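Here is a short briefing on one protein model. Keep the sequence and the structure open as you read.

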Amino acid sequence: MSISLELIVFVFLAAFIVVSSILAVTTSRILRSATYLLFVLFATAGIYFELNYFFLGAVQLLVYAGGITVLYVFSILLTSSQGDKAERLKNSKMFAGLITSAAGLGVCLFISLKNKFLPTQFEYGQLDVASIGKALMGAEKYQYLLPFEVISILLLACIVGSVLIARKR
């Protein structure tokens, strides 16, 4: 197996994602956790760009790294006081989290190894934006109009709930 620049970049981005993910869930300061999440989202966009999925990488940067992370930071800054730290987890909760993580990893590995993902089904490169739009907004089989609308109702419920919580304060 020859080592190429693409492989080196992928391994670097993957290691960066793993380290930032671990730091995001283990840090005691919540604002630092949001910053590490931002690093994870940037590196994920880097992997999309490496796979020549420029549209998906741009959406990752604009929507998730830009919008969602800013929303998290504003929420953290509006709801927490200066110097808030996360509570130290009890050993039983830490053990339960590790068992759950190991079970999730086992399920993912089982599904990945049991199913054969043929390389002939993967087209290296970018889909045009029209076919992405038709897949997102179509109502036929393997199109995502219904989940898209359900998510919009869920977001509306979250907004209404946050307004109600803010009014109580």
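Phe16 is partly exposed, with 34% relative accessibility. That class applies because the value falls between the 20% limit for buried and the 50% limit for exposed. Phe39 is also partly exposed, at 33%. The model is predicted, and these values are computed from it.

**Aromatic pairs**

- The structure contains four aromatic pairs.
- Phe16 and Phe39 form a tilted pair: their ring centres are 6.1 Å apart and their planes meet at 45 degrees.
- Why tilted? The angle of 45 degrees decides it, because stacked planes are under 30 degrees apart and edge-to-face planes over 60.
- Phe16 sits in helix α1 and Phe39 in helix α2, so this pair ties together parts 23 residues apart in sequence.
- Which residues do ring pairs link into a cluster? They are Phe12, Phe16, Tyr36 and Phe39.

**Largest pocket**

- The largest pocket holds about 330 Å³ of space.
- Its lining comprises 13 residues, and those closest to the pocket centre are Val25, Thr26, Thr27, Glu87 and Leu89.
- Two or more lining residues come from each of α1 (5-26) and α2 (30-50).
- Which element gives the most to this lining? Helix α1 does, with three residues.
- Sorted by class, the lining has six nonpolar, four polar and three charged residues.

**Where the topics meet**

- Helices α1 and α2 carry Phe16 and Phe39, respectively. Both α1 and α2 also contribute to the lining of the largest pocket.

Technical notes. Residues numbered from 1 in each chain as written. Predicted model: local features only at pLDDT ≥ 70, side-chain atom pairs only at ≥ 80, totals over all residues. Heavy atoms only, no water. 1 Å grid on protein atoms, 1.4 Å probe; cavity = no way out; pocket = protein on both sides within 12 Å on 5 of 7 lines; lining within 4 Å. Points joined across faces, edges and corners; volume = space filled by probe spheres on them. Helix = DSSP H or I, 4+ residues; strand = E, 2+ residues; numbered from the N terminus. Nonpolar A, V, L, I, M, F, W, Y, C, P; charged D, E, K, R; others polar. Phe/Tyr/Trp six-rings, centres within 6.5 Å; stacked < 30°, edge-to-face > 60°. Buried < 20%, exposed > 50% of the residue type's maximum accessible area, 1.4 Å probe, protein only.
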